[in-house]
Amino acid sequence: MKKCGGERIKIMENGPYMVFGDIPLKGEAIERDEEGRSVRWTETKKHYPDGVYALCRCGNSANKPFCNADHSDFDGTETAPRSTYDECSYIIPRSEDVGYQQSPMFCTRSEFCHGRVDVAKAAANKETLDAAIERTHHCAGGSVVINVDGKKQEPCLEKSISAAASFGDAGPLRVRGGIPVESSDGYVYEVRNRVALCRCGKSLNKPFCDTSHMR
Ligand code: FES
């Protein structure tokens with residue numbers, strides 16, 4: 001795999017995410033309705049880092065989301081399979097031309113699919129299809145996508161990173177807009193529009209969030 005230039009996230013061995021290319025950084029939390037269902041992401045804080053910055057990957061920093069070099073005991077071994085989204089996902093047909101595609105490997109439990117049922121149901125109906133597609137765009141890890149006529153319905157997202165609170169104060173880094181993520185040994189993971197990177201240090205699917213921050 002070739003190395004990337006410009007905007008990118010470089011994973012340091014047992015260390016932080018180094019972010020290159022002046023990528024905007026903010027804090028975000030999920031707003032929920034009275035039944036506890038995810039409604040939208042709300043900006044909670046804007047950070048103003050200089051061009052290159054280091055983000056905590058181990059969960060120990062006292063200066064989150066930034067790294068403060070307190071990762072001496074951190075085992076950051078990258079355990080995620082080096083496969084593409086299509087290789088580790090399945091498609092549930094919802095009608096002749098609509099498919100609901102999901103990869104459990106990228107689920108962060110941000111729950112905009114409302115436990116999958118609502119969105120999958122809505123996708124089967126032409127009148128509610130657009131709302132279902134819009135909902136999937138909030139899915140932090142890009143676990144869910146709706147296909148129409150075999151084409152993934154992905155929005156054009158600006159490059160940005162948020163320290164997301166998807167459960168209480170905890171949550172992954174929400175990476176948007178197709179920012180390349182390069183492993184500590186120089187492998188570039190599949191470039192995807194929506195990716196959630198673990199920042200609690202506990203994921204068994206590093207560098208991706210696997211919902212361990214909820215435990
Ligand atoms: S932030 Fe989700 S598993 Fe670490």
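1. Two residues are taken to be in contact if their C-beta atoms, placed from the backbone, lie within 7 Å. On that basis, 21 residues of domain 1 are in contact with 15 residues of domain 2. The model under discussion is a predicted one, and the points below should be read accordingly.

2. Domain division. Domain 1 comprises two segments, 8–81 and 159–214, while domain 2 covers 86–152. Taken over C-alpha atoms, the centres of domain 1 and domain 2 are separated by 23 Å. On the side of domain 1 that touches domain 2, β4 (38–47) and β13 (194–197) each supply at least two residues. The composition of that side of domain 1, by class, is 11 nonpolar, five polar and five charged residues.

3. Overall dimensions. The secondary structure of the protein amounts to two helices and 13 strands. The C-alpha atoms fill a box of roughly 50 × 40 × 30 Å along the principal axes. The radius of gyration of the protein is 17 Å, which agrees with the value near 17 Å that a compact globule of 215 residues would have.

4. Burial and contact range. Of the 215 residues in the protein, 37% are buried. Among contacts with a separation of 6 or more, 55% are made by residues 24 or more positions apart.

5. The open sheet. Strands β6, β7, β8 and β9 form an open sheet of four strands in the order β6-β7-β8-β9, and the pairing is antiparallel. At its edges stand β6 (90–93) and β9 (151–152), each of which pairs on one side only. Helix α2 (residues 126–136) lies across β7 and β8 (144–148), and the helix runs at about 145° to β8.

6. The β6–β7 hairpin. β6 and β7 form a hairpin, with four residues between the two strands. Strand β7 spans residues 98–102, and four bridges join this strand to β6 in an antiparallel arrangement.

7. Strands β3, β10 and β11. Which way do β3 and β10 run relative to one another, parallel or antiparallel? Strand β3 (residues 25–32) and strand β10 (residues 160–165) run parallel and are joined by five bridges. By contrast, β10 and strand β11 (residues 173–176) run antiparallel, with four bridges joining them.

8. Thr84. This residue lies in the loop between β5 (53–55) and β6. Is Thr84 buried or exposed? Thr84 counts as exposed because it has 12 C-beta neighbours inside 10 Å, and a residue is classed as exposed when 12 or fewer other C-beta atoms lie within 10 Å of its own. Between Thr84 and His213 there are 24 Å in space, C-alpha to C-alpha, and the two residues are 129 residues apart in sequence.

Definitions and conventions: Residues numbered from 1 in each chain as written. Predicted model: local features only at pLDDT ≥ 70, side-chain atom pairs only at ≥ 80, totals over all residues. Domains from an automatic or database assignment. Nonpolar A, V, L, I, M, F, W, Y, C, P; charged D, E, K, R; others polar. Pairing = 2+ DSSP bridges. Axes fitted to C-alpha atoms, helices over the stretch in contact; angles between N-to-C directions. Rg over C-alpha atoms; globule rule 2.2 N^0.38 Å. Buried ≥ 20, exposed ≤ 12 C-beta atoms within 10 Å, placed from the backbone.
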